[in-house]
Amino acid sequence: MVSIYGKQIELDKALDDLVEIEDLEVYRSIREEGERTRRGYSMYTHSEVLRDMVGMSEYHLKQQGYNLVDARVEFDDGKYYAPNSVHYKDAPASRMFAKLYFEHPSHPTFDNRMVVGFRNSMDKSMSFGIAIGAEVLVCSNLCISGSGITLLKKHVGEIREKVIVLATKHLPVASSEYTKIRNLLSKLKDTDITNDDAYSMLGRMYGNKVIRANEFTNSVRTFNRPTHSEYGEGTLNTLYQAVTESCGEQPIQKRLHTMSKVTDFVRNEAYTKYMLN
């Protein structure tokens with residue numbers, strides 16, 4: 001089962017629905033135009049990505065003792081402009097962001113679980129990307145670091161083969177990436193922070209373009225009045241979850257970058273100022 005637009009449906013049905021979308025004229029036009037260009041754009045369809053990533057993730061992570069327990073998929077519509085300035089209609093479901101959830105039977109998951117996240121586009125708007133991390137169960141805040149994310153530059157050449165190589169590199173070490181994030185979250189929960197230090201950190205995140213102005217404002221509000229009891233009060237975890245919550249509604253193409261930058265910034269601050277290790 002996968003959750004698409006908040007509705008639970010069978011994976012095979014989801015793939016069949018995607019195949020219908022991918023057969024629309026706008027995507028045939030993108031494919032044909034890509035084949036004519038010197039760079040040789042190569043489309044990697046959402047149905048291919050979803051099928052490949054589910055299969056590869058289950059194969060590699062079962063060897064580490066993890067079981068797939070859930071999957072969620074989001075889509076954005078996009079617009080496609082050919083080099084000759086012909087404007088095609090909006091491309092439905094052109095961008096995809098998916099999360100596969102894994103749990104380990106010998107490691108009870110009380111507040112978070114391993115996530116394999118990946119993104120893809122069929123309208124040339126963004127590259128394929130994969131990330132390993134954790135998600136806080138109660139609020140769906142995605143926690144990943146820069147070391148757990150890799151993006152392919154362009155959809156050119158044998159894109160599907162490149163993704164398979166990329167996933168084969170990342171998935172066998174998924175457990176260690178997840179453990180790093182879990183350990184970080186545990187330490188953040190045990191570390192108090194004053195309001196002044198929290199505001200100072202948020203200001204530096206905004207000044208360094210890790211977060212935007214509205215996310216800064218929302219983070220301050222949530223830090224002062226946590227929306228979930230699991231955030232705690234007055235800790236580095238309260239601050240971290242406030243920021244990840246405020247960034248959670250970003251467009252699909254920006255989400256992996258932002259979440260990894262937030263995690264790395266907070267971790268570096270925690271290690272240097274609060275001497276966490």
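Predicted model: local features only at pLDDT ≥ 70, side-chain atom pairs only at ≥ 80, totals over all residues.
Me: Let's start with helix 6. How many residues does it have, and how far does it reach?
Reply: Helix 6 covers residues 195–207, which is 13 residues. From its first C-alpha to its last it reaches 18 Å, close to the 18 Å expected at 1.5 Å a residue.

Me: Which residues in helix 6 are buried?
Reply: Those are A198, M201, L202 and M205. Seen down the axis of helix 6, its buried residues fall within an arc of 100°, so they line one face of the helix.

Me: Why would residues with that sort of spacing point the same way?
Reply: An α-helix has 3.6 residues a turn, so residues three or four places apart point the same way.

Me: OK, and what is exposed on the face turned away from the buried side of helix 6?
Reply: That face carries D196 and G207, which are exposed.

Me: What do the buried residues of helix 6 pack against?
Reply: They pack against helix 7 (213–224), helix 8 (236–247) and helix 9 (252–273).

Me: Tell me about helix 8, then. At what angle do helix 6 and helix 8 pack?
Reply: The angle is about 35°, and their axes are 11 Å apart. The crossing of these two helices is right-handed.

Me: Which residues meet there?
Reply: From helix 6 you have A198, M201, L202 and M205, and they meet L236, L239 and V243 of helix 8. The residues of this contact divide into seven nonpolar, no polar and no charged.

Me: And what follows helix 6?
Reply: K209 follows helix 6, and its phi is positive, near 60°.

Me: Switching topic: which residues of helix 1 are buried?
Reply: In helix 1 (residues 11–22), the buried ones are A14, L15, L18 and E22. They cover an arc of only 95° around the axis, which puts them on the same side of helix 1. D12 and E20 are exposed on the other side.

Me: Last one, S140. Where is it?
Reply: S140 is in the loop between strand 6 (129–136) and strand 7 (141–151).

Me: Is S140 buried, exposed or partly exposed?
Reply: S140 is partly exposed, because its relative accessible area is 33%, and that falls between the cut-offs of under 20% for buried and over 50% for exposed.

Me: What does S140 touch?
Reply: Leaving out residues up to four places away in sequence, S140 touches R72, K99 and E135. Also, the C-alpha atoms of S140 and E245 are separated by 8.2 Å, although the two residues are 105 residues apart along the chain.

Terms used
Residues numbered from 1 in each chain as written. Heavy atoms only, no water. Helix = DSSP H or I, 4+ residues; strand = E, 2+ residues; numbered from the N terminus. Buried < 20%, exposed > 50% of the residue type's maximum accessible area, 1.4 Å probe, protein only. Contact = heavy atoms within 4.5 Å. Expected span 1.5 Å × (residues − 1). Arc of directions from axis to C-beta. Axes fitted to C-alpha atoms, helices over the stretch in contact; angles between N-to-C directions. Left-handed = near helix turned anticlockwise from the far one by under 90°. Nonpolar A, V, L, I, M, F, W, Y, C, P; charged D, E, K, R; others polar.
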